[in-house]
Amino acid sequence: ETLEFSVAARYSDYSNFGDTTNPKAGFRWKPINDLLIRGNWAEGFRAPSLTEISRSSVTAFTTVTDPKRCILGTEVACAQNIAALLENAQRLDPEKSKSYNLGFIWEPVKDMSLTVDYFDIRRRSEITLLDINLILDNEGATSGVYANRVFRGPVLPGESFGPLQAVSTFFFNSGQTNIKGYDVEARWNINLGSMGKLRNSF
């Protein structure tokens, strides 16, 4: 019978953001030879990247559907390449996370094992871009985050909207994500004598 504990911490100092300390702890308990019980807990941290907080904006290209000019589904505007202007955010909080996992490895007989792990990962203040499709759907808004973000060319004769040229979006802290689940794996080896072993898993 064995019982092991581990504790660690990581300190990071960012020249353009600040510092942080993130702890981690875990244990491994083997009450009998055939069974190992293990668990871990950790905190995570991701500072905004230079692209997300730098003063200059970044231009990329993406394919979108222009809801104002894609009527029949066959027009060029239904799959159009446009410029995406990615604005930096004046203030972004770091992404933070907590993760937990608890599980066991059971080996009832030689060359056969069952592994079951439960995991729970929680992330908050996730950094993301304002969705370009939402901006296009809210084109014409005069206030709020959607105002003045769609750029079009001159209106051609017989049309109500000019061709789409660019969309401006920005980084922001969105909500949180919580992922829970199980990892289950069974393994067994078949002895083939002089030919070796056949390893199986699912």
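## Salt bridges

D93 and R91 join their side chains in a salt bridge, with 3.4 Å from N to O. A salt bridge here is a side-chain nitrogen of Lys or Arg within 4 Å of a carboxyl oxygen of Asp or Glu. This is a predicted model, in which local features need pLDDT of at least 70 and side-chain atom pairs count only at pLDDT 80 or more, while totals for chains, interfaces and linings use all residues. Residues are numbered from 1 along each chain as its sequence is written, and side-chain values use heavy atoms, leaving out hydrogens and water.

How open to the outside are the two partners? D93 is partly exposed, at 34% relative accessibility. R91 is exposed, at 63%. The cut-offs are these: buried means under 20% relative accessible area, exposed means over 50%, and partly exposed lies in between (1.4 Å probe, protein chains only). By the salt-bridge rule, the count comes to twelve.

## A network of charges

E95 forms a salt bridge with R46. Their closest N and O atoms are 3.2 Å apart. This pair links distant parts of the chain: E95 sits in strand β6 (residues 95–109), R46 in strand β3 (residues 35–46), and 49 residues separate them. Helices (H or I, at least four residues) and strands (E, at least two) are DSSP runs, numbered from the N terminus. E95 is buried, at 8% relative accessibility. R46 is partly exposed, at 32%.

E126 and R123 make another salt bridge, at 3.4 Å from N to O. E126 counts as buried because its relative accessible area is 14%. R123 counts as partly exposed because its value is 36%. Which residues are linked in a network of salt bridges? They are R46, E52, E95, R123 and E126.

In soluble globular proteins, nonpolar side chains tend to be buried together.

What does V64 touch? Not counting residues up to four places away in sequence, V64 touches A77, C78, A79, Q80, I82, I132, L136 and L164. Contact means heavy atoms within 4.5 Å.

## The disulfide

One of the residues that V64 touches is C78. C78 also forms a disulfide with C70, their sulfur atoms 2.0 Å apart. A disulfide is a pair of cysteine sulfur atoms within 2.5 Å. By this rule, the count comes to one.

The link of C70 and C78 is right-handed, with 100 degrees about the S-S bond. Are its cysteines buried or exposed? C70 is buried, with a relative accessible area of 19%. C78 is buried too, at 14%.

## A nonpolar surface patch

Some nonpolar residues lie on the surface. V109, M112, W188, I190, L192, M195, L198 and F202 form a nonpolar patch there, with about 800 Å² of accessible area together. Patches are made of residues with over 30% relative accessible area and no salt bridge: like charges are joined within 9 Å, nonpolar side chains (Val, Leu, Ile, Met, Phe, Trp, Tyr) within 5 Å. Accessible areas come from the Shrake-Rupley method with a 1.4 Å probe; for residues, only the protein chains shown count as cover.

Take L198 as one member of the patch. L198 is in strand β12 (residues 197–201). L198 is partly exposed, with a relative accessible area of 41%.

## Loop residues

G175 lies in the loop between β10 and β11 (177–191). G175 is partly exposed, at 46% relative accessibility. Apart from neighbours within four places in sequence, G175 is in contact with R124, S125 and E126. The C-alpha atoms of G175 and Y118 are separated by 24 Å, and the two residues are 57 residues apart along the chain.

Now look at two backbone angles. D111 is not a glycine, but its phi is positive, near 70 degrees. D111 is in the loop between β6 and β7 (112–124) and is partly exposed, at 26%. N148 is not a glycine either, and its phi is positive at about 55 degrees. N148 is in the loop between α2 and β9 (150–152) and is exposed, at 70%.
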